[in-house]
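Colleague: I would like to learn how to read a model of this kind with some care. Could we go through it one feature at a time?

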Amino acid sequence: MASNIDFVQYIADQCGGAGEITTKKMFGDYGIYCDGKIFGLICDDRFYLKPTDAVRPMLKKEELRPPYDGAKDYFYIADVDDRDYLSAIVRETCKALPEPKKKKAKDK
């Protein structure tokens with residue numbers, strides 16, 4: 001089951017205090033990015049955050065589960081209505097994640 005675009009936009013809006021939030025449709029669901037860095041997934045109208053040790057103590061409830069069959073475990077974030085909380089955990093997650101690899105320019 002794919003995610004509802006209204007839910008995807010709600011999550012993006014809720015995370016907005018962390019930086020420039022964008023989403024990208026991927027395999028029927030969505031990747032969510034902050035300042036160009038992917039930090040989570042939105043699958044089946046559920047929000048999943050890449051797990052990092054930096055964020056673990058900030059979580060209201062730690063629940064690890066795969067966002068889709070065959071995926072690695074992510075933090076499942078059930079409390080998506082607290083904008084300050086989401087922005088804080090997204091900001092800390094992004095600090096802990098490596099910078100995205102630069103794409104090579106195509107030869108002409």
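Modeller: Let us begin with strand pairing: two strands pair if DSSP finds at least two bridges between them, and the elements themselves are DSSP runs numbered from the N terminus, helices (H or I) having at least four residues and strands (E) at least two. Here, Arg65 has Tyr74 in E6 as its bridge partner, and strand E5 (residues 64–65) pairs with E6 in the antiparallel sense over 2 bridges.

Colleague: In which sense do E4 and E6 pair, and over how many bridges?

Modeller: E4 and E6 pair in the antiparallel sense over 3 bridges, and within that region Leu49 has Phe75 of E6 as its bridge partner.

Colleague: What kind of model is this, and what pLDDT do local features need?

Modeller: This is a predicted model, in which local features need pLDDT of at least 70 and side-chain atom pairs count only at pLDDT 80 or more, while totals for chains, interfaces and linings use all residues. Residues are numbered from 1 along each chain as its sequence is written, and side-chain values use heavy atoms, with hydrogens and water left out. Since pLDDT is the predictor's confidence in each residue, from 0 to 100, the chain may be read with its mean of 92 in mind, 95% of its residues reaching 70 or more.

Colleague: Is Ser87 buried or exposed?

Modeller: Buried means under 20% relative accessible area, exposed over 50%, and partly exposed in between, with a 1.4 Å probe and protein chains only. Ser87, which is placed in helix H2 (residues 83–96), has a relative accessible area of 4% and is therefore buried.

Colleague: With which residues is Ser87 in contact, leaving aside its neighbours within four places in sequence?

Modeller: Contact means heavy atoms within 4.5 Å, and on that basis Ser87 is in contact with Gln14, Cys15, Gly16, Gly17 and Ala18. The cover over the buried residues of H2 includes helix H1 (5–14) and strand E2 (29–34), among others.

Colleague: Which residues of H1 are buried?

Modeller: In H1 the buried residues are Phe7, Val8, Ile11, Ala12 and Gln14. They lie on the same side of H1, because they cover an arc of only 165 degrees around the axis, the arc being that of the directions from the helix axis to the C-beta atoms.
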